[in-house]
Amino acid sequence: MQYKNKKHAVEKTQLHIRSKHRDRYNFKSLITTCPELSLFVKPNKYGDASINFFDPEAVKTLNKALLQHHYNIEYWDIPKHYLCPPIPGRADYIHNIADLLASKNNNKIPTGKHIKCLDIGVGANCVYPIIGATTYNWSFVGSDIDATAITSATKIVQRNKNLKTNVELRLQPTPRNFFKGIIRNDERFDITVCNPPFHASLHEAEASTVRKLKNLTKKTPLKPVLNFAGKPNELWCEGGEATFVKNMIYESRRFGTSCFWFTTLISKESNLKGVSKLLEKVNATEVKILTMGQGNKISRIVAWTFLNKAQQDEWGFTRN
C-alpha cells in the first residue's frame, strides 16, 4: 500500500520555547553524533526517516543519541528493563521549573552550582540531572530506592566530566520515605522534581500499554512490550499516582524550611482536584500548576511551598 508523504509541522510549538527538541528529529545529524543509531533508522510508511518506537532498543539508542548530540553526554546506558524516558518531556519539566525559580528571582533564571535540585526517583537513566546540570549548571542530588538504579546513575555521572561535580546520588534506605533519609541536617534545596509511578498495579500498567498499542497499530498485541521499559517501582505503586503524591505532600511539611519549591508531575488531570485540596489542608503558602504539552498529551507540574513571603525574600537564589 502506498502512502502520500505526510506534511509535518515545522516546529513542535507545544514544547517549551527553550527546548532543544522543538524541531523534528534530524536523524542525519543524530547518526553523525551516534553512529549506532543508524541500525534502527528506516523510512516509515510516509517515506520519512524514523525508528520503530515500539522497539525498546531503538528508543534507548535514540535517547543516547539525543543526550550525546544536545547535552554533550559522552556515556549513557541503562540496565535492561529499566525506564528509558522520552527526553523532550523531561527537558520541558526542567525548563518549566527554571521559569518557576525565575519568578522568585526578579524574572531571571538562577544558574550555577549553588542552585540545588533534588530528584526523587532519579532512576537508572539520571536524565533530570543530566539536563539540569548541562543546561543551567545546577547541582543535583538524585535519590532512589533501587540500588541498581543508583549504581547505573553513578556510572553515568562518573563517566561524564560535565556531570562529575554537579551530581550526587543517594540510596533511599526506607522505600516509604521521600525526603527523610535523603535531606541532611542544615541542607537546603531550591527545588525538587519527581515523576510518580503512574499506575496502581502491574496489571493496570500492562492494560494501558495494550490499549495504547491497539490504538496505534489497530491490532491487539499478544504480549505487551513497554517501549520505554520500566521496573515495577518505576511504573506502579499501591494507590497509583494519587496516593504517591498524597504521601509526598504530607511528608514535605516536615521539610518546609529545607526546600523552597516542592514539585511533582501529575499525569492524570483527575488527580489535580484532590492534590489541590490536600495542599490547602497542609497549609502550603503558595501553589502553582504548570502545564506542559507533548504531542497530543497534556501533563502538569504541581509546585508548592511552605515559606512565607519574608522567608522567600530571605532565601536568595544568588547566594554563593
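## Close-up views

View A. The structure is a predicted model, in which local features need pLDDT of at least 70 and side-chain atom pairs count only at pLDDT 80 or more, whereas totals for chains, interfaces and linings use all residues. Residues are numbered from 1 along each chain as its sequence is written, and side-chain values use heavy atoms, with hydrogens and water left out. N160 is found in the loop between α5 (147-158) and β5, where helices (H or I, at least four residues) and strands (E, at least two) are DSSP runs numbered from the N terminus. A polar atom of the N160 side chain lies 2.7 Å from the backbone oxygen of I156. When neighbours within four places in sequence are left aside, N160 is in contact (heavy atoms within 4.5 Å) with I73, E74 and Y75.

**View B. Helix α4 and the residue that follows.** Helix α4 (residues 127-136) is mostly covered, with 8 of its 10 residues buried. The buried residues of α4 are V127, Y128, P129, I130, I131, G132, A133 and Y136. Just after α4, N137 takes a positive phi of about 60°.

**View C. Aromatic pairs.** Rings of Phe, Tyr and Trp (its six-membered ring) pair if their centres lie within 6.5 Å, with planes under 30 degrees apart counted as stacked, over 60 as edge-to-face and the rest as tilted; by this rule the count comes to 13 aromatic pairs. The rings of Y136 and W138 are stacked, because their centres are 4.9 Å apart and their planes stand at 20°. Y136 is buried at 7% relative accessibility, and W138 is buried at 0%. The pair of F179 and F262 is edge-to-face, because the ring centres are 5.2 Å apart and the planes stand at 70°. F179 lies in the loop between β5 (167-171) and β6 (189-194) and F262 in strand β7 (residues 259-266), so this pair ties together parts that are 83 residues apart in sequence. Both F179 and F262 are buried, and ring pairs link F178, F179, F244, F255, F262, W304 and F306 into a cluster.

**View D. Lysines over aromatic rings.** A charge sits over a ring if NZ of Lys or CZ of Arg is within 6 Å of the ring centre and within 35 degrees of the ring normal. The charged end of K12 sits over the ring of Y25, at 4.5 Å from its centre, while K116 lies over the face of F189, 5.1 Å from the ring centre.

View E. Seven strands form an open sheet in the order β5-β4-β3-β6-β7-β9-β8, with mixed pairing, where two strands pair if DSSP finds at least two bridges between them. β5 and β8 (286-294) stand at the edges with a single partner strand each, so one side of each is left without a neighbour in the sheet. β7 and strand β9 (residues 297-305) pair in the antiparallel sense over 5 bridges, and the bridge partner of L265 in β9 is I301. Helix α3 (residues 87-102) lies across β4 (139-144), β6, β7, β8 and β9, running at about 145° to β8; axes are lines fitted to C-alpha atoms, for helices over the stretch in contact, and angles run from 0 to 180 degrees between N-to-C directions. Helix α9 (residues 272-281) packs on the sheet, touching β7, β8 and β9, and its direction makes about 5° with that of β9.

How values were computed:
Buried < 20%, exposed > 50% of the residue type's maximum accessible area, 1.4 Å probe, protein only. Polar contact = N/O pair within 3.5 Å; in protein donor to acceptor, adjacent residues only side chain to side chain.
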